[in-house]
Amino acid sequence: MEKQLKWYKRIALELAWGTSLVIGVMPRFVHYYIIQPFVALLLVATRYRRRVILGNLTEAFPEKSRGEVRAIMRRNYWILAEVMVDTIALAGAGERRLRKIMRWENGDRLLQRTAGGDWIAIAAHYGCWEYFPLWSFEQPDAVFMSVYHPLRSDIFECYYRRLRRFTPSIEQVPMNSAVRRYMLNRATGRSVVIGLVADQSPNLRIDSHWYEFFGRPTAFHDGAERLALKFNIPIFFTYIERIKAGRYSLRFVELYDGHEAVEPHQITERYARALEQMIRRRPELWMWSHNRWRHTPQSQLSRFGSTTLEHTIK
């Protein structure tokens with residue numbers, strides 16, 4: 001159910017949605033030869049989060065020259081503009097058009113592997129992440145739990161919830177309700193697919209664990225690992241390849257089979273390794289504008305004290 005908004009917010013939402021519907025029915029050449037260049041130029045002209053992007057890229061790729069880093073940043077602005085266009089164009093899109101967007105490289109094998117059971121798809125802000133729930137067309141009998149972090153803006157919260165209604169099988173679940181909703185869905189007897197995007201910086205906790213990611217100690221959301229171990233659910237990493245503007249292929253890579261005896265944090269460690277490997281292939285496709293390394297082991301120690309030393313081992 002959509003959140004109740006004040007009248008002026010409702011007007012803003014409907015204006016944004018109406019504009020998106022108009023853009024959504026426009027042909028591809030308008031999206032990628034007119035709107036995308038305009039958005040990219042706007043991002044460059046306003047120097048959108050330029051300091052964060054440049055700083056992250058410089059730290060992540062110390063072996064690259066300043067010119068090479070800036071070249072990645074320029075391509076990243078272009079991809080960010082493309083992702084914005086791709087996301088807006090989802091408004092009002094029909095199944096026929098949506099099915100053309102994603103090519104599932106080993107989707108049939110995944111269905112055989114999970115055999116109607118529950119499984120977790122763990123993804124990242126890489127390419128157009130709003131496309132991941134399109135899997136719901138491939139497994140329509142399952143509940144697709146799209147787990148997300150609620151936005152601060154009521155308007156954008158409602159806007160994105162509308163965009164993600166591809167099929168009736170999609171259930172949009174706030175992160176803090178994931179376990180409860182999973183247990184309720186599990187009780188219905190239907191298969192449950194849990195989609196998580198886990199590469200953003202989590203809130204700093206006393207038990208935050210640190211992983212080496214691009215040569216820096218980095219905390220990760222560990223909700224997928226906690227769910228998998230609690231309920232014996234296999235986890236698959238979504239390995240993305242961009243084919244062309246608005247077109248992707250996706251391959252599922254198993255990180256955990258649901259039964260393997262693993263050490264604490266080992267599954268999240270595998271995710272971090274797989275994510276870094278994917279990003280290094282096409283760094284411009286990742287969301288470098290996020291302040292990914294705003295927390296450090298030092299800030300954890302400053303806030304919680306020396307009892308956290310045991311959690312800074314990676």
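Trainee: By class, how many nonpolar, polar and charged residues has the lining of the second largest pocket?

Mentor: The model is a predicted one. In it, the second largest pocket has a volume of about 190 Å³, and 15 residues line it. Sorted by class, this lining has eight nonpolar, three polar and four charged residues.

Trainee: Which element gives the most to the lining of the second largest pocket?

Mentor: Among the 15 lining residues, H31, Y32, A89, R97 and R247 lie nearest the centre of the pocket. Two or more lining residues come from each of α2 (28–45) and α5 (95–98). With three residues, the element that gives the most is α2.

Trainee: Is N185 buried or exposed?

Mentor: N185 lies in helix α8, which covers residues 178–187. Buried means under 20% relative accessible area. Because the relative accessible area of N185 is 6%, N185 is buried.

Trainee: With which residue does the side chain of N185 make a polar contact of 3.3 Å?

Mentor: Apart from neighbours within four places in sequence, N185 is in contact with V143, M145, E171, R190 and V192. A polar contact of 3.3 Å joins the side chain of N185 to that of one of these, E171.

Trainee: Against which elements do the buried residues of α7 pack?

Mentor: Helix α7 spans residues 154–163, and its buried residues are E157, C158, Y159, R162 and L163. The elements these buried residues pack against are α1 (7–24), α4 (66–88) and β3 (143–148).

Key. Residues numbered from 1 in each chain as written. Predicted model: local features only at pLDDT ≥ 70, side-chain atom pairs only at ≥ 80, totals over all residues. Heavy atoms only, no water. Helix = DSSP H or I, 4+ residues; strand = E, 2+ residues; numbered from the N terminus. Buried < 20%, exposed > 50% of the residue type's maximum accessible area, 1.4 Å probe, protein only. Polar contact = N/O pair within 3.5 Å; in protein donor to acceptor, adjacent residues only side chain to side chain. Contact = heavy atoms within 4.5 Å. 1 Å grid on protein atoms, 1.4 Å probe; cavity = no way out; pocket = protein on both sides within 12 Å on 5 of 7 lines; lining within 4 Å. Points joined across faces, edges and corners; volume = space filled by probe spheres on them. Nonpolar A, V, L, I, M, F, W, Y, C, P; charged D, E, K, R; others polar.
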